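Please consult the structure alongside the text.

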Amino acid sequence: MSKKKEQESWPTEEEFVKDDIECGLADDVTAGDETNCEDCGGDCSSCAGCCNESSEDLAQKYLSIAQSVQADFENYKKRNANLVAQSYEDGKKSVILSILPCADAIDKAIEMVKDEQTKAGLVLVSEKFAEALKSVGVVKMQCLGKPYDANYHNVLASIDSDKPSGEIIQECISGYMIGDIVLRHAQVVVSK
């Protein structure tokens, strides 16, 4: 839009004052009406001439207010978008944490079952479950043979072993991660 068309579309000083009165932004204050000035009570020598503002000054003042409100609204939208995304992630983590005991139960059942057909069926179920978790970004930690790290593991016991001190020799409960975030720490036994 050209500058000339912009200036033609700007409201006049009277329209600004009329809009302020209708919106409750001003209490019947008009330019040049020194008796109703809120800042100085009619003595404009003490308020830097607020009652005698030109239409350009008023336009600049209202433009500044509009830009400030627009910036506040943009910040609100960004905060709200972040809150929605964070709420989604928190809900996803909560649901995943509630179903991880099912994965543990399947893994324990695989260890305990003697019948090979039943074991093969449970292995298929376990693999499907792992695929479903992987599809939402959840991966199972691989702990055995790795050194203990308090960021990823909780030690249940320390046992004398021929392995180096601090190496994980048994995984009691599997740990899971979602991205770089630990969803559930692995419960492990380490060598002394």
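In this predicted model, three strands in the order β2-β6-β3 make up an open sheet with mixed pairing. From one strand to the next, the twist averages 30 degrees. Within this sheet, β3 pairs with strand β6 (residues 186-191) in the antiparallel sense, over four bridges. A position in β6 that can be located on the display is Q187, which stands opposite I173.

An open sheet is also formed by three strands in the order β1-β4-β5, and here the pairing is antiparallel. Which strands stand at its edges? They are β1 (138-140) and β5 (181-184), and because each has a single partner strand, one side of each is left without a neighbour in the sheet. On average, and with direction ignored, neighbouring strands of this sheet are turned by 35 degrees against each other.

Three bridges join strand β4 (residues 176-178) to β5, and the two pair in the antiparallel sense. Here I178 stands opposite I181 in β5. The sheet also has a helix packed on it: α3 (residues 55-112) touches β1, β4 and β5. The direction of helix α3 makes about 55 degrees with that of β5.

In general, the strands of a sheet pair through backbone hydrogen bonds, either parallel or antiparallel. The β2-β6-β3 sheet has mixed pairing, whereas the pairing in the β1-β4-β5 sheet is antiparallel.

Conventions. Residues numbered from 1 in each chain as written. Predicted model: local features only at pLDDT ≥ 70, side-chain atom pairs only at ≥ 80, totals over all residues. Heavy atoms only, no water. Pairing = 2+ DSSP bridges. Axes fitted to C-alpha atoms, helices over the stretch in contact; angles between N-to-C directions. Contact = heavy atoms within 4.5 Å.
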